[in-house]
Amino acid sequence: MSTSGNGDGWPDGGASDGLPELPADWGPIVIPDDPAELAEESSQVRHELRRIARRRRWRRRLGLSGDGGPSSLRLSLLIMSIAVLATLTSLFAAVWSGQPRQGPPRTAPTGQPGRLLPALDVVGEGGETVPLRSLLPAMIIFIDDCDCVDEVNTAARVAPPGVTVVALISGQAVPSPVPRQPSIVAAPVRSLADPAGGLRGWLPPTPAPGSASAMLVGPAGQVVRIVPTVTSVDDYRTDLAELATR
C-alpha cells in the first residue's frame, strides 16, 4: 500500500485504494467552517438521546426487556394490579352513590305543627269574603264528610274566651249554618266555606269516613296541633285550653 507524501499515513488513492465509500443515501456531506452552524442539529440529537434514555428507564421500571420483549411475570402482575384497582374504584363509587347525602335540616312539611297558616280567604254565610287569619286564634273543624254538629258544639263549649271555632266545609260556594246547642259558656262559631278546597288540600291527613278532622292555630298563625280524626274532646282539650296564650 502506497502512502501520500504528506506523511499522514493514509493511502494515496480513493475507494480503489482501500478506503470505504459512504452510503449513497447520505448525499453530499458538507463540513462547515464554523462549528456553531451545527448547533441546531446538535440540539436535535441531544433531544433524541434523552427521549431514548427516558424510554429505557420506563421499560426497566415496568419490567420490560431492553429489546422491547415483555417480562411475562412483571407484566402479568402489572395488568392484575390495574384490574384490581379499577374494580375497587367501581365498588367504592357504587357504595358512595347509595349513601344518603346530608342536607340542611328539614322543616316541618306542609300542614304540620310549626308551620304558618296560609293567607286564605273563605266565604261566610252571607257570601262575604272572610280572611281566615282574621279569626285567629281558632280551632278549625273540617266538616266535609260528616254531620259534625256535636263535634262543633263540644269544641265551642270547651274553648277558652278569645278562641273562635270554625266549621269549615270545602267545595261549596256558601256554607250552611251549624245548629247551635244551648250552653252556658260557648266560644263563637263561624260557619265558613272554602270553595276551592285550598285549606283541605293543605292539611295532610284525611279523616276516617263520617268523621271530622281539626286544626288548632295560634294567634300568630302558627299551626299548634293537627287532629286527623276527632273522636273525643280529650284529643285536643289541653292544646285548645292554651291556644289563646301561645
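Reply: Let us begin with contacts across the whole chain. In this predicted model, residues 24 or more positions apart account for 59% of the contacts with a separation of 6 or more in the protein chain.

Me: How many helices and strands does the protein chain have, and which pattern do they follow along the sequence?
Reply: The protein chain holds five helices and seven strands. Read along the sequence, the pattern is α-α-β-β-β-α-β-β-α-β-β-α.

Me: What share of the residues is buried, and what is the accessible surface of the chain?
Reply: Of the 246 residues in the protein chain, 30% are buried. The accessible surface comes to about 16200 Å², and carbon and sulfur atoms make up 58% of that surface.

Me: Which residues make a nonpolar surface patch?
Reply: Val45, Leu49 and Ile52 make a nonpolar surface patch of about 250 Å². Take Leu49 as an example: this residue lies in helix H1, which covers residues 39-61. Leu49 has a relative accessible area of 54% and is therefore exposed, since exposed means over 50%.

Me: How should I read a salt bridge, and how many are there?
Reply: A salt bridge is a side-chain nitrogen of Lys or Arg within 4 Å of a carboxyl oxygen of Asp or Glu. By this rule the count is three salt bridges.

Me: Which residue forms a salt bridge with Arg190, and why does the pair tie together separate parts of the chain?
Reply: The partner of Arg190 is Glu128, and their closest N and O atoms are 4.0 Å apart. Arg190 belongs to strand S5, whereas Glu128 is in the loop between strand S1 (121-123) and strand S2 (129-131), so the pair ties together parts that are 62 residues apart in sequence. Both residues are partly exposed: the relative accessible area is 29% for Arg190 and 35% for Glu128.

Me: What can be said of the salt bridge between Asp239 and Arg225?
Reply: The side chains of Asp239 and Arg225 meet at 2.8 Å, N to O. Asp239 is in helix H5 (residues 237-241) and Arg225 is in strand S7 (residues 223-227), so this pair ties together parts that are 14 residues apart in sequence. Asp239 counts as buried at 15% relative accessibility, while Arg225 is partly exposed at 28%.

Me: How are aromatic rings described, and how many aromatic pairs are counted here?
Reply: A pair of aromatic rings is described by the distance of the centres and the angle of the planes. In this model the count comes to zero aromatic pairs. A ring may also be read together with a charge: the charged end of Arg200 sits over the ring of Phe142, 4.9 Å from the centre of that ring.

Me: What should I know about peptide bonds, and where is a cis peptide bond?
Reply: Most peptide bonds are trans. Here a cis peptide bond joins Leu136 and Pro137, with omega about -5°. Pro137 is in the loop between S2 and strand S3 (138-142).

Me: Where does Val174 lie, and which residues does Val174 contact?
Reply: Val174 is in the loop between strand S4 (164-170) and strand S5 (189-194). Leaving aside neighbours within four places in sequence, Val174 is in contact with Gly124, Glu125 and Ala193. Val174 and Glu125 are 49 residues apart in sequence, yet 6.0 Å apart in space, C-alpha to C-alpha. Val174 is partly exposed, with a relative accessible area of 40%.

Me: Is Ser211 buried or exposed, and what does Ser211 touch?
Reply: Ser211 has a relative accessible area of 11% and is therefore buried, as buried means under 20%. This residue is in the loop between helix H4 (198-202) and strand S6 (213-217). Not counting residues up to four places away in sequence, Ser211 touches Asp145, Cys146, Cys148 and Thr229.

Key: Residues are numbered from 1 along each chain as its sequence is written. This is a predicted model: local features need pLDDT of at least 70, side-chain atom pairs count only at pLDDT 80 or more; totals for chains, interfaces and linings use all residues. Side-chain values use heavy atoms; hydrogens and water are left out. Helices (H or I, at least four residues) and strands (E, at least two) are DSSP runs, numbered from the N terminus. Buried means under 20% relative accessible area, exposed over 50%, partly exposed in between (1.4 Å probe, protein chains only). Contact means heavy atoms within 4.5 Å. Rings of Phe, Tyr and Trp (its six-membered ring) pair if their centres lie within 6.5 Å; planes under 30 degrees apart count as stacked, over 60 as edge-to-face and the rest as tilted. A charge sits over a ring if NZ of Lys or CZ of Arg is within 6 Å of the ring centre and within 35 degrees of the ring normal. Accessible areas come from the Shrake-Rupley method with a 1.4 Å probe; for residues, only the protein chains shown count as cover. Patches are made of residues with over 30% relative accessible area and no salt bridge: like charges are joined within 9 Å, nonpolar side chains (Val, Leu, Ile, Met, Phe, Trp, Tyr) within 5 Å.
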